[in-house]
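Please read them with the structure open.

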Amino acid sequence: MSPTASRPGLDYHQSHYFISASTLAQCPAPEQAREVAFVGRSNAGKSSAINVLAGQTRLARTSKTPGRTQLMNFFEIIPHRYLVDLPGFGYAKVPDAVKVQWQKQLERYLQERESLQGLVLLMDIRHPCKDFDLMVMDWAQPSRMPLHVLLTKADKLTYGAARSALLGVQKQLAVYGGSVSVQLFSSLKREGVDELRLKLDEWLVGDA
Ligand code: GDP
């Protein structure tokens, strides 16, 4: 039996909004914490995925509230265990200077946040590995941050096309080594949710 199989998993349905932070200093104290961050370009399906995982319809809408789109939004599952919704700033109508400033905060968060256990990168299965995605991977790489990729909206492709997209992305990400995994996901069909939960449990269950 694997170590994760012998432990009970977290109940992600308990997740609730905790706090928004625009700088590392505003994030919850990292000492006892463990967290997993979700990132993806706008429209990749991040809010839908977080909502399906949490079994709630509006949890991740928090992140779309005007003024909060540029923030790291923390959802608490149980005390000191968090899901963190990071901005994708794809279509955000903000000045370039603000975007650059925000990119710096995101980069710092990915490279320096001690309680970050892993990164979930969401990519629309029809448009994977765009510049934003490659940039995020490049930030995660120096700190050897474990990465789990969700190929979202898998229901938009036939089974065969989805499998071949999965293989293609796996091949492309092989350069990142063994700490990268990729799966198919559909919020609409609720496919891939158990596989995602297992990955999150692997990262979040245990002592900080
Ligand atoms: P976000 O900007 O990354 O948070 O993306 P959203 O979760 O808001 O989703 C963007 C759009 O894609 C919305 O119109 C969703 O209804 C749609 N969408 C999200 N997930 C899926 C999915 O699994 N299948 C399909 N067909 N559409 C989806």
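**Notes on the predicted model**

1. The buried residues of helix 3 (residues 131-140) pack against strand 2 (34-40), helix 2 (96-112), strand 5 (116-124), strand 6 (147-152) and helix 4 (159-173). The structure is a predicted model, and the points below should be read with that in mind.

2. Which residues of helix 3 are buried? They are Phe132, Asp133, Val136, Met137, Trp139 and Ala140. Viewed along the axis of helix 3, these buried residues stay within an arc of 160°, so they line one face of the helix.

3. Strand 3 (residues 72-78) is mostly covered, with six of its seven residues buried. Strand 3 pairs with strand 1 in the antiparallel sense, over five bridges. Within strand 3, phenylalanine 75 stands opposite tyrosine 17.

4. Strand 3 also pairs with strand 4 (residues 81-85), again in the antiparallel sense and over five bridges. Isoleucine 78 has arginine 81 in strand 4 as its bridge partner.

5. Serine 15 is found in the segment before strand 1 (16-21). Is serine 15 buried or exposed? Its relative accessible area is 3%, so serine 15 is buried. The side chain of serine 15 reaches the backbone oxygen of tyrosine 12 at 2.6 Å. Apart from neighbours within four places in sequence, serine 15 is in contact with Ala54, Gln56, Leu59, Glu76, Ile77 and Leu83.

6. Serine 115 counts as buried because its relative accessibility is 1%. Its side chain makes a polar contact with the side chain of arginine 113, at 3.0 Å. Setting aside neighbours within four places in sequence, serine 115 is in contact with Pro30, Ala33, Arg34 and Glu35.

7. How many salt bridges are there? The count comes to seven. One of the salt bridges joins aspartate 85 to lysine 46, with the closest N and O atoms 2.4 Å apart. Aspartate 85 lies in strand 4 and lysine 46 in helix 1 (residues 46-54), so this pair ties together parts that are 39 residues apart in sequence. Aspartate 85 is buried at 1% relative accessibility, and lysine 46 is buried at 12%.

8. Aspartate 194 and arginine 197 form a salt bridge whose closest N and O atoms are 2.6 Å apart. Both residues belong to helix 5 (residues 193-204), and being three residues apart there, they are separated by about one helical turn. Aspartate 194 is exposed, with a relative accessible area of 54%, whereas arginine 197 counts as partly exposed at 26%.

9. Salt bridges that share partners join Asp124, Arg126 and Lys153 into one network. Within it, the side chains of aspartate 124 and arginine 126 meet at 2.8 Å, N to O. Aspartate 124 is buried, with a relative accessible area of 9%, while arginine 126 is partly exposed at 36% relative accessibility.

Technical notes:
Residues are numbered from 1 along each chain as its sequence is written. This is a predicted model: local features need pLDDT of at least 70, side-chain atom pairs count only at pLDDT 80 or more; totals for chains, interfaces and linings use all residues. Side-chain values use heavy atoms; hydrogens and water are left out. Helices (H or I, at least four residues) and strands (E, at least two) are DSSP runs, numbered from the N terminus. Buried means under 20% relative accessible area, exposed over 50%, partly exposed in between (1.4 Å probe, protein chains only). A polar contact is a pair of N or O atoms within 3.5 Å; within protein, one must be able to donate a hydrogen and the other to accept it, and residues adjacent in sequence count only if both atoms are side-chain atoms. Contact means heavy atoms within 4.5 Å. Two strands pair if DSSP finds at least two bridges between them. The arc is that of the directions from the helix axis to the C-beta atoms. A salt bridge is a side-chain nitrogen of Lys or Arg within 4 Å of a carboxyl oxygen of Asp or Glu.
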